[in-house]
Every structure is written in C-alpha cells, then in structure tokens.
Amino acid sequence: MEALAATPCHCLAVRQAARQVTQLYDRCLAEVGLRATQYSVLAVLGRLGPVAVHELALNLVMDRTTTGRALRPLERDGLVHIGPGRDARTRALNLTPKGRALLETARPLWSRAQAAFEADYGASEAERLRLALARVVGRA
C-alpha cells in the first residue's frame, strides 16, 4: 500500500490518526464485544463512580446528546444503570456488576492495544503525543 501524503489540515490529520488508533483498540477489544468508545465510557464511569450525564459528557469531551446515544446500548446490555440523580432534573449513571466485570475482563485487552500502539509509535513518543493532545482538550 502506498503511503498517504501528509495533510496540511490539523483537523483532518487528527481525525485520520484518531480513526487509525480507534481501529487498533477496536480490534483488541472485539474479543469481549466492546468498541473503543464503549470501553472509554465504562472506564470513565468506573473511575468516577455515580455521575450525572453532563459530568460524564464533560469528562469524555462529548456533547450530552452524543453521550446519551453512547449510553443506550450499554444500558440495554445491562452494563450501565441510569437512575435518579441528585435532584429531579438529573439522572445518575453507574456501572452495574455486569459492567464492572466486563471492564475488568477488557482491561488486559486495552493494555494490549496500548502496548501495540507504543510498540509501533514508540513509548516516549506516545506519552508526548498523549500529553500534547491533553493540552488540545485543555487537560494539561
């Protein structure tokens, strides 16, 4: 396959890279029936504990509508519970025991994807890239 020419567009370059990396993680997580996006939602919920939809969206750097769509299959499959929140206007999200168990089963597969990316890209370069991207989303 012929190498693609580098694009001068920052947005396109980041989106192309994101698709490529997502495909790697999807391949690794397919064994347990998760996509990288679903794993991310479960991992953030596992780290934060009960959280409102808007807080999850903020942590995932997603809008609330997209977050809601991402939650539907996870709730349908019994991985996430959506219940009453702190007040009548909010709903609290939490991992179910099934969701927690799947997250634990998937974690080594995620680690395999991490290691594969670092092997291809370089461990120190991968860390620098992750920190640079954190600056882009205002996390560093």
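Colleague: In this predicted model, how do β2 and β3 pair, and over how many bridges?

Modeller: Let's start with the strands, then. β2 and β3 run in the antiparallel sense, with five bridges between them. To see one of these positions, find V80, which stands opposite L95 in β3. The chain gets from β2 to β3 by a hairpin of six residues.

Colleague: Which strand pairs with β3 besides β2, and in what order do the strands lie?

Modeller: The open sheet has three strands in the order β1-β3-β2, with antiparallel pairing. The edge strands are β1 (51-52) and β2, and each of these pairs on one side only. Two bridges join β1 to β3, again antiparallel.

Colleague: Now let me step back. How many helices and strands are there, and in what order do they come?

Modeller: The chain contains six helices and three strands. Reading from the N terminus, the elements go α-α-β-α-α-β-β-α-α. The C-alpha trace spans about 55 × 30 × 25 Å along its principal axes. Another way to read a fold is to ask how far apart in sequence its contacting residues are. For contacts between residues at least 6 apart in sequence, 46% join residues at least 24 apart.

Colleague: How do I read the inside of the model? What share of the residues is buried?

Modeller: Of the 140 residues in the chain, 29% are buried. The largest nonpolar core has 30 residues, and those with the most contacts inside it are L42, L45, L56, V80 and L93. Several elements give two or more residues to this core: α1 (10-29), α2 (36-48), α3 (53-60), α4 (64-76), β2 (80-84), β3 (91-95) and α5 (97-121). The largest share, seven residues, comes from α2.

Colleague: Could we follow one of those core residues? What does L56 touch?

Modeller: Gladly. Setting aside residues up to four places away in sequence, L56 touches V41, V44, L45, V51, T67, L71 and L93.

Colleague: What about residues in between? How should I read R107 and G68?

Modeller: Both have an intermediate label. R107 lies in helix α5, and because its relative accessibility is 31%, R107 counts as partly exposed. G68 lies in helix α4 and is also partly exposed, with a relative accessible area of 23%.

R107 and L29 are 78 residues apart along the chain, and their C-alpha atoms are separated by 8.9 Å. For G68 and V53, 15 residues apart along the chain, the C-alpha separation is 7.5 Å.

Colleague: And the outside? Which residues form a nonpolar patch on the surface?

Modeller: That patch is made of V61, L133, V136 and V137, with about 360 Å² of accessible area together. V136 lies in helix α6 (residues 123-136). With a relative accessible area of 66%, V136 is exposed. For the chain as a whole, the accessible surface comes to about 9500 Å², and 56% of it belongs to carbon and sulfur atoms.

Colleague: V61 belongs to that patch. Where does V61 lie, and what is its phi?

Modeller: The background first: most residues other than glycine have a negative phi. Now the case at hand: V61 lies in the loop between α3 and α4. Although V61 is not a glycine, its phi is positive, about 55°.

How values were computed:
Residues are numbered from 1 along each chain as its sequence is written. This is a predicted model: local features need pLDDT of at least 70, side-chain atom pairs count only at pLDDT 80 or more; totals for chains, interfaces and linings use all residues. Side-chain values use heavy atoms; hydrogens and water are left out. A nonpolar core is a set of buried Ala, Val, Leu, Ile, Met, Phe, Trp, Tyr and Cys residues joined through side-chain atoms within 4.5 Å. Buried means under 20% relative accessible area, exposed over 50%, partly exposed in between (1.4 Å probe, protein chains only). Helices (H or I, at least four residues) and strands (E, at least two) are DSSP runs, numbered from the N terminus. Contact means heavy atoms within 4.5 Å. Two strands pair if DSSP finds at least two bridges between them. Patches are made of residues with over 30% relative accessible area and no salt bridge: like charges are joined within 9 Å, nonpolar side chains (Val, Leu, Ile, Met, Phe, Trp, Tyr) within 5 Å. Accessible areas come from the Shrake-Rupley method with a 1.4 Å probe; for residues, only the protein chains shown count as cover. A salt bridge is a side-chain nitrogen of Lys or Arg within 4 Å of a carboxyl oxygen of Asp or Glu.
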